[in-house]
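Student: I would like to learn how to read salt bridges in a structure. Where do we start?

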Amino acid sequence: MSKPFNTTIENGVAEMILDHPPVNAFDSAGWFAIADEIDGLGEDDSVRVIIIAAAGKGFCAGVDIKELAADSSKIVDVNKGNYETFRAIHRNPKPVIIALHSFVLGGGIGMAGAADILVASECTRFGVPEI
């Protein structure tokens, strides 16, 4: 599986770009990969700050519900992956800035809530589709 993001580090700034078309919705493996990457950036001495942004139509549509439709028991893995991602952001030893645009849904809201600093475009909208 390829990673659902791209990361660069330049002059102490780590930039993680969520890039999983069409809407940056992540399955359980994707959430765990995001958490692992953020943890690793926090441990990297060359990194002074972490920026998380997204490519595409919106920041994050949350969980990939196709995985849950195929196997409802995956809800445990998805929730654990969400938790690990939020923890990796919130407890990171480096400041984490999240740049939001367009839709921020479900797990995207959790990521935003865990960040140290949020920057949002005027078109940013938050929503919880489950409601």
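**Reading the salt bridges**

Tutor: Start with one pair in this predicted model: Lys80 and Glu84 form a salt bridge, with their closest N and O atoms 2.5 Å apart.

Student: Why can such side chains pair?

Tutor: Side chains of opposite charge can pair when their charged atoms come close.

Student: Where do Lys80 and Glu84 lie?

Tutor: Both are in helix α3, 4 residues apart, which is about one turn of the helix. In general, an α-helix has 3.6 residues a turn, so residues three or four places apart point the same way.

Student: Is Glu84 buried or exposed?

Tutor: Glu84 is buried, at a relative accessible area of 16%. Lys80 is partly exposed, at 42%.

Student: Which residues are linked with Lys80 and Glu84 in a network of salt bridges?

Tutor: Asp39 and Arg87 belong to that network too. The closest N and O atoms of Asp39 and Arg87 are 2.8 Å apart. Asp39 lies in helix α1 and Arg87 in helix α3, so this pair ties together parts 48 residues apart in sequence.

Student: What does Glu37 pair with?

Tutor: Glu37 meets Lys3 in a salt bridge of 3.9 Å, N to O. Lys3 lies in the segment before β1 and Glu37 in helix α1, so the two tie together parts 34 residues apart in sequence. Lys3 is exposed, with a relative accessible area of 54%, while Glu37 is among the buried residues of α1.

Student: How many salt bridges are there by this rule?

Tutor: The count comes to 6.

Methods:
Residues are numbered from 1 along each chain as its sequence is written. This is a predicted model: local features need pLDDT of at least 70, side-chain atom pairs count only at pLDDT 80 or more; totals for chains, interfaces and linings use all residues. Side-chain values use heavy atoms; hydrogens and water are left out. Buried means under 20% relative accessible area, exposed over 50%, partly exposed in between (1.4 Å probe, protein chains only). A salt bridge is a side-chain nitrogen of Lys or Arg within 4 Å of a carboxyl oxygen of Asp or Glu.
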